Amino acid sequence: MLEIILLIGLTKKIGRILEEKGRKSGWFKVLAVALWIGGEIIGAVVGAAVGQISGLGLGAAYMLALLGAACGALAAYLIAKSARPVENFGPPPPPPIFS
């Protein structure tokens, strides 16, 4: 339940960042959820392998799944922060002139 609340908060934060830059935020929110879940799955798989090899059990899988989700959230946040505002896009360059 806590994870869902954090994910909703992340998507709202990313939406505010992008809307302040004049961008539509829908696909960026989808990207944030995908990065979160993808990071969590990859972390769980790696953690299960590490836990089985080292004898730590499923605790390693859970901890690395949380770490993977955090990395996915950080990646989504950094992508949103690095997006350029819409007003910085100038008109398209003129077509080349061939003689």
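I take buried to mean under 20% relative accessible area, exposed to mean over 50%, and partly exposed to mean in between, with a 1.4 Å probe and protein chains only. I note that this is a predicted model, in which local features need pLDDT of at least 70, side-chain atom pairs count only at pLDDT 80 or more, and totals for chains, interfaces and linings use all residues. Residues are numbered from 1 along each chain as its sequence is written, and side-chain values use heavy atoms, without hydrogens and water.

**Entry 1: overall form**

I looked up the secondary structure and found three helices and zero strands in the chain, in the order α-α-α along the sequence. Helices here are DSSP runs of H or I with at least four residues, strands are runs of E with at least two, and both are numbered from the N terminus. I recorded a C-alpha trace spanning about 70 × 35 × 15 Å along its principal axes. Buried residues make up 26% of the 99 residues.

**Entry 2: helix 3**

I next examined helix 3, residues 58–82. Its 25 residues reach 36 Å from first C-alpha to last, close to the 36 Å expected at 1.5 Å a residue; the expected span is 1.5 Å times one less than the number of residues. I listed its buried residues as Ala60, Ala61, Ala65, Gly68, Ala69, Gly72, Ala73, Ala76 and Ala80. These pack against helix 1 and helix 2 (26–54), where contact means heavy atoms within 4.5 Å.

**Entry 3: helix 2**

I found that helix 2 has 29 residues and reaches 42 Å between its first and last C-alpha, close to the 42 Å expected. Its buried residues are Ala32, Trp36, Gly39, Glu40, Gly43, Gly47 and Gly51, and they pack against helix 1 and helix 3. Just after helix 2, I noted that glycine 55 takes a positive phi of about 85 degrees.

**Entry 4: helix 1 and the surface**

I located isoleucine 8 in helix 1 (residues 2–20). Isoleucine 8 is partly exposed, at a relative accessible area of 44%. Together with Met1, Leu2, Ile4, Ile5 and Leu6, Ile8 forms a nonpolar patch on the surface, with about 670 Å² of accessible area. Accessible areas come from the Shrake-Rupley method with a 1.4 Å probe; for residues, only the protein chains shown count as cover. Patches are made of residues with over 30% relative accessible area and no salt bridge, with like charges joined within 9 Å and nonpolar side chains (Val, Leu, Ile, Met, Phe, Trp, Tyr) within 5 Å. A salt bridge is a side-chain nitrogen of Lys or Arg within 4 Å of a carboxyl oxygen of Asp or Glu.
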